[in-house]
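Student: I have a structure to read. Please walk me through its features.

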Amino acid sequence: MCGIVGYIGFRDAFSVLIKGLHRLEYRGYDSAGIAVIEDGIVGFKKSGKVSDLEKVCEQHIFRSRIGIGHTRWATHGAPIDCNSHPHYSENGKLAIVHNGIIENYHSIKEALLLKGHTFSSDTDTEVLIHLIDEIKTKTNLDLQDAVRAALRKVVGAYAILVLDEDNPGRLIAARKGSPLVIGVGNNEYFVASDATPIAEYTRNIIYLNDNDVACVNYDGLSIVNLNNIVQVPFIHELELQIDILEKGGYPHFMLKEIFEQPRSIRDCMRGRLYPDEGRIALGGIKIYEDFLKKVNRIIIVSCGSSWHAGLVGEYLIEKYARVSVEVEYASEFRYRHPVIDQHDLVIAISQSGETADTLAAIELAKKCGATVFGICNVVGSSIARNTDAGIYTHAGPEIGVASTKAFTAQVTIITMFAFYMAQLKQTISKNHLKEHLAELNLLPELVELCLHCDDKVKKIAEKIKSSNNCIFLGRGSAFPVALEGALKLKEISYIHAEGYPAAEMKHGPIALIDEDMPVVFIATNHSSYEKVISNIQEVKARKGVVIAIVSESDTQVNKIADYIIEIPEISEFLVPTLASIPLQLLAYHIAVSRGCNVDQPRNLAKSVTVE
Ligand code: G6P
């Protein structure tokens, strides 16, 4: 949801910024812009992709060592050139890039209009830079103090970078509610929404905290909070590997990430799963073991694919650990006055660790006294830092906007958590647990086998690519997989798709079925096999086109379905992960064959840092 990047040092700032914007483009791709300081501020912005911005910049010979850049996901104002960032003060001497929303921008704008300011965009961001300018001019405050004074008047969320041509050796960076990290190099600094533009230059990272205002110079940096109290930065070591940020020979990040899943799942289980001992160890939440033994209600809050992973958790935790689980959309939970207290455990699941609604749900849960865990992919993210304890998914950076490897890593973590709880509460026999963990340990190899269906799925995709609608059906823990399959398809191919519990089909969706309606079933040979077969018959009786994901040993579905995709013979608790793989590939191949941009689908963003 908008990516920002800044640089100050000895390199060509333009090249660092453009490369950084390409890395951040997954966060938003409506428009892009940069500003650098040469003799004065020089800026370019353009609606469209970062590559469109590059074309606009072609004629200019850049010669700057300091600058800021932005890639936008529009909130206030349409994605047109004038609303693109950077935004400027009226005299053009100050430039800002911003990720977030200034909620009270309207009242600030009215006050500034009365003082004679004129605006050239519809954005909240332009209001903020005018406010900083107003304060700086009227009070003679130094740049960092003027930014601080302006931010004290602001309600909302922001990560900002400010340039001032009167202070050509300074970059101001501030955050509240939106992420911002500083990379510390040798005589150079990088600032960005996440570490992806920084990783190739330095491994030393400072995560700014809410209310921090940093002043970054060529030879050092200082951080104060909004109340001007000095903050001592802590330098973390970044683990991110550069090759993971490249496509590595794949045509799209999404396909690369789908094929990375054997590795990402192995990384996610490493050091946590001890199959020989029949034991799970989750170091990040170990000190809560006594609490977990007593807890009798778990509430999972999340959004999007992470919410689907939470639903899988509901099935598995209740089945194996016998603890009641509720799964809530974070955006609903935060506003519906939920009844929670200090006896409850709230688990926030989030790939980015920055989703605004999930963060707000965490705050609410903490206020009510609940213990809050995070299951996050991005190390050092806001959710990881704002929760009492947590479990990282370690899937590595996910660049494709449609979640794939992060989702299966979340499902793997929640599966391990279910067994961990069962182990603590002794709701599963030692032998049974050992058997299950031995099978869980094989998951990376099983996913590898599943990926062999790629060619077959591609052929099926060709057959159904022209459909306007599609239904996904599953029962039990395969129901969230049906939801996830439908979400994948709609977000990247723009085909309308719905996921339903297979039995619920009769209460509505069946009315839609005719010879033009593909219906994807998850029909593995587990607890509801016979019932799902009846549902398939019902679809066939209405001439629907059935694509079924079945177990290798299947003997019945293959006689009635139009197309089958086999997955290895496994226990039911592994179905959510394994059945997800062909559905990811199906969505991918359909989207590619329809000519869609699978890594950057329209209107979407990877990280939703606004409500
Ligand atoms: C966006 C992304 C989804 C993601 C959802 C929740 O909609 O496009 O892929 O599932 O946000 O994000 P989170 O980072 O909290 O998992």
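**Cysteines, fold and surface**

Tutor: The structure holds zero disulfides. This is a predicted model, where local features need pLDDT of at least 70, side-chain atom pairs count only at pLDDT 80 or more, and totals for chains, interfaces and linings use all residues. Residues are numbered from 1 along each chain as its sequence is written, and side-chain values use heavy atoms, leaving out hydrogens and water.

Student: What is a disulfide?

Tutor: A disulfide is a covalent bond between the sulfur atoms of two cysteines. Here the test is a pair of cysteine sulfur atoms within 2.5 Å.

Student: How far is the sulfur of Cys450 from the closest cysteine sulfur?

Tutor: The distance is 5.9 Å, to Cys453, too far for a bond. For Cys470, the closest cysteine sulfur is in Cys596, 14 Å away, also too far.

Student: Is Cys450 buried or exposed?

Tutor: Buried means under 20% relative accessible area, exposed over 50%, partly exposed in between (1.4 Å probe, protein chains only). Cys450 is buried at 1%. Cys470 is buried too, at 4%. Of the 611 residues of the protein, 61% count as buried.

Student: How many helices and strands does the protein have?

Tutor: Both are DSSP runs: helices are H or I, at least four residues, and strands are E, at least two. The protein has 20 helices and 26 strands.

Student: How should I read contacts by sequence separation?

Tutor: Contact means heavy atoms within 4.5 Å. Take contacts between residues at least 6 apart in sequence: 72% join residues at least 24 apart.
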